[in-house]
Amino acid sequence: MEWLVIIVTVVVLWVASLFKILHESLSASQVEVLNDGGVFCKRNVLLVIAHPDDESMFFTPTINYLSSRGCNLHILCMSTGNADGIGNVRKEELYLASIMLKVPQKQVKVLDHPDLQDGFGKSWNSKLLSKIIKEEIVNCAIDLVITFDNYGVSGHCNHHDVHQGVRKLLQDTSHKEVEAWELVSTSILRKYSGPVDIWLSLLSAKFHLSGVAHCFLNEHPRRSLAAMAQHRSQWVWFRKLFVSFSSYTYVNCVRKIN
């Protein structure tokens, strides 16, 4: 009987959370709920990721929100994800995913630098990353950068390295006019709570818990699934479960990197 109550409670919370997301996507109230003060409206934004599929697995609420607010979004992927020798395939998959996410293919750049190869044991140099990011900022007139936080959601070392590259860039006084924001990593319990995590995320943003400044509800959750499905080489059963149950499919919390 106790298990039945728990299951029913979880189902009710799940449905209520999905309804909340649906309600926000069909109304203009999300601006008030998020209260971003125009910080993320009509900006030239650079999303810096480590591997093809990072954008679909972790950042789709952010991408969808920024696109709907008139931002000009660019994606800079630091590697082709060639750990298994299929980097060229994964590169093309990212281009296909970007189409699903309404990001023009010409604004998606995937690098294949010899010193920036995918792998848990391969550390990336922050000075090199900073230099590459700086060039992209100048070439595309970027004024806002979004990337992973220091932990990098999954703990992958390349996610951490990308974060350190952005931090290195911010140490350059000539680029103080560029804002940088990081995607907040959550506990494993929250990470796999699906849409239920939107309530904690909204509270975190409202009361600035753990430095959280804003949270973005995913206005198009199906688009997240469609984008990840374009990564056919990675679209195996456990990633299908991840995208379905991950809170990062439904909500992103971000905080400013100081």
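Phe242 is buried, at 11% relative accessibility; buried means under 20% relative accessible area, exposed over 50%, and partly exposed in between, with a 1.4 Å probe and protein chains only. This is a predicted model, in which local features need pLDDT of at least 70, side-chain atom pairs count only at pLDDT 80 or more, and totals for chains, interfaces and linings use all residues. Residues are numbered from 1 along each chain as its sequence is written, and side-chain values use heavy atoms, with hydrogens and water left out.

There are seven aromatic pairs, where rings of Phe, Tyr and Trp (its six-membered ring) pair if their centres lie within 6.5 Å; planes under 30 degrees apart count as stacked, over 60 as edge-to-face and the rest as tilted. Tyr192 and Phe242 have ring centres 5.8 Å apart and planes at 85°, so this pair is edge-to-face. The two residues are 50 residues apart and link distant parts of the chain: Phe242 sits in helix H11 (residues 237-245), and Tyr192 in the loop between helix H8 (188-191) and helix H9 (198-206). Tyr192 is partly exposed, with a relative accessible area of 40%.

## Other aromatic residues

Trp237 and Phe238 also form an edge-to-face pair, 5.7 Å from centre to centre and with 90° between the planes. Trp237 is exposed at 62% relative accessibility, and Phe238 is partly exposed at 44%.

One aromatic cluster is formed by Phe58, Phe59, Phe148, Tyr192, Phe242 and Tyr248.

## Overall make-up

The protein has eleven helices and seven strands; helices (H or I, at least four residues) and strands (E, at least two) are DSSP runs, numbered from the N terminus. Of its 258 residues, 51% are buried. Among contacts with a separation of 6 or more, 82% are between residues 24 or more positions apart; contact means heavy atoms within 4.5 Å.

## Strand S4

Five of the five residues of S4 are buried, so this strand is largely enclosed by the rest of the structure. Thr147 lies in S4 (residues 144-148) and is buried, with a relative accessible area of 0%. Leaving aside neighbours within four places in sequence, the contacts of Thr147 include Val48, Phe59, Trp181 and Ile257.

Strand S1 (residues 44-49) runs parallel to S4 and is joined to S4 by three bridges; two strands pair if DSSP finds at least two bridges between them. Val45 stands opposite Leu144 in S4. S4 also pairs in the parallel sense with strand S5 (residues 179-183), over five bridges. Trp181 in S5 is the bridge partner of Ile146.

## The largest pocket

The largest pocket has a volume of about 520 Å³. On a 1 Å grid over the protein atoms alone, a pocket is an open set of points where a 1.4 Å probe fits, with protein on both sides within 12 Å along at least five of seven lines. Grid points are joined across faces, edges and corners, and the volume is the space filled by probe spheres set on the points.

The largest pocket is lined by 23 residues, and the closest to its centre are Asp53, Met57, Phe120, His156 and Arg239; lining residues have an atom within 4 Å of a point. Helix H3 (54-58) and H11 are the elements that give two or more residues to this lining.
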